[in-house]
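User: I'd like to learn how to read a few features off a model. Could you walk me through them?

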Amino acid sequence: MARRAALWSHFDIHPVFDSRLDEVYAFDTMLARSEPPQPAPGPRAILYPALVTLIAALGGLLFGFDTGVISGALLFIIPEFHLGPAAQGFVVGIVTLGALAGALLGGAAADAVGRRKTNIAGGAAFIVGSLVSAVAPGVATLIAGRFVIGVAIGLSSVAAPLYIAELASARRRGTLVSLFQLAVTVGILASFIIDELFAPTHAWRTMLGVAVIPGAALVFGMLPMPESPRWLVKRGRTDDAREALRRVRPAQDVDAELREIAVDIAQDQPAAWRDLAAPDLRPALVVGIGLAVFQQVTGINTIIYYAPQIFEAAGFGSATTALAATIGIGVVNVLATVVAIALVDHVGRRPLLLAGLTGMVVSLLALGVAWREAASAGWLGATTVACIGIYIVCFAFSLGPIVWLMIAEIYPNRIRARAASVSTAANWAANFVVSVTFPLLRASLGTSLTFLYAILGTIAIWFVARRVPETRGKSLEEIAAFWRSSSGTSPAR
Ligand code: BGC
């Protein structure tokens, strides 16, 4: 009885869940009787979770690669297929629409067949889409292939962070999920380099086709990996869940963690799509969707997708120097993400978000002022590189990794996949709107456009300060308990 009282007070469980708690309590007693022998800690305790994460993060690598590779390939596709401006826009933009569809599909798939199989499906779609694009005899097939790649990106951007977060320990979750974003940035950089390497031979089919290799590594690498213990418990497969936890925490007693997961899942009814509107979920959903949208509307992809044009406009004489600057941006993006990986579980999510957003706003303002005041000055190119460099650094240690991390960690077990799916879809929708409107807005607003992104960045600072809770070091179940206890009130800091 005393143990049950302790469970009650710790998890703030409402009596309505009493009958389900009986099952958990019986399970709890059973676990207490069968304490497993504890293996000695060893390198496997660190290496295996890292390996699981790296395999899942291949989805991020492909996400980054396939969004970046098209800019270089397009130079050769345009003359071969005689593409007009509308068709060019479509070949580029269709990936984002596919990702939107894939993200919406990803949540339901991750609940129905599991996180692992959804990641495998993402990898298979990357293979198919890359092959179809690489051998496309005409623009229609190319667009179909690019759409399938988009669906793969959408599936992976929901399922990979979710899978990593659900397998990670609370202490290392920030670092491990941020490896997904590191893979995205490495993928973007790899795409710039591959475009460079194959440009002399105009080999656009090879540029698009090489993605088959990481796609195959994702599928075959994921096959022997464990399933998410949270998903297994939800399915009533407690023994499989314990086995999965033991594989990723070889040096620990996993039963306490399993108990916490079981208690959390027992007190929540299984959720359907309409539960996304439930009042107790609303504050979390506002945070997830808000962060997802702010990640895009503060302008990151105007640089990632259009960097060569921006640098050329800022006075970089040749396309070669503009390209060198673009690769420099890719390198900085990777390096600053490493900083986030080192810091996120120590200083926390909120300080990184607030510091990064502030730096982004300041660099955008500085860029806008420089472009306005010194349109023809000789130092404009250097100022542009400096401002954009600082902006990228600040994005890469804040909004870049932390948005994917928080989308995967802030929602309760019962609805995590679907809520992550909706938040991720919002990210892709915002991405689509920003990348499609950028050339038009640039034509009409000119350099003042930087001020628009700075204003949106300032709103994002206010939003983070006001609404985003700190989740560092908390288990997914503790985060869910926090929303339960604070529903209707503003999150505590
Ligand atoms: C964003 C992408 C962006 C990339 C840049 C990701 O977190 O979702 O839209 O292109 O970061 O590194």
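**Aromatic pairs**

Analyst: Let's start with rings: by the pairing rule, the count is eight aromatic pairs. The rule takes rings of Phe, Tyr and Trp (its six-membered ring) with centres within 6.5 Å; planes under 30 degrees apart are stacked, over 60 edge-to-face, and the rest tilted.

User: What are the distance and angle for Tyr 306 and Phe 438?

Analyst: Their ring centres sit 4.8 Å apart with planes at 40°, so this pair is tilted. Tyr 306 belongs to helix H14 (residues 300-313) and Phe 438 to helix H19 (residues 416-445), so the pair ties together parts 132 residues apart in sequence. Helices here are DSSP runs (H or I, at least four residues), numbered from the N terminus. A word on ground rules: this is a predicted model, where local features need pLDDT of at least 70 and side-chain atom pairs count only at pLDDT 80 or more, while totals for chains, interfaces and linings use all residues. Residues are numbered from 1 along each chain as its sequence is written, and side-chain values use heavy atoms, with hydrogens and water left out.

User: Are Tyr 306 and Phe 438 buried or exposed?

Analyst: Buried means under 20% relative accessible area, exposed over 50%, and partly exposed in between (1.4 Å probe, protein chains only). Both Tyr 306 and Phe 438 are buried.

User: Which residues form an aromatic cluster?

Analyst: Phe 63, Phe 180, Trp 404 and Trp 428 make up one cluster.

User: Now the ligand. Which residues surround it?

Analyst: You look for residues with a heavy atom within 4 Å of the molecule. Among those around the ligand are Phe 63, Gln 181, Gln 295, Asn 301 and Trp 404.

User: Which helix gives the most to the shell around the ligand?

Analyst: That's H7, with three residues.

User: Last one: where is Arg 249?

Analyst: Arg 249 is in the loop between helix H11 (238-248) and helix H12 (255-267). At 5% relative accessibility, Arg 249 counts as buried. Its side chain reaches the backbone oxygen of Leu 167 at 2.9 Å and that of Ala 168 at 3.1 Å.

Note on methods
Helix = DSSP H or I, 4+ residues; strand = E, 2+ residues; numbered from the N terminus. Polar contact = N/O pair within 3.5 Å; in protein donor to acceptor, adjacent residues only side chain to side chain.
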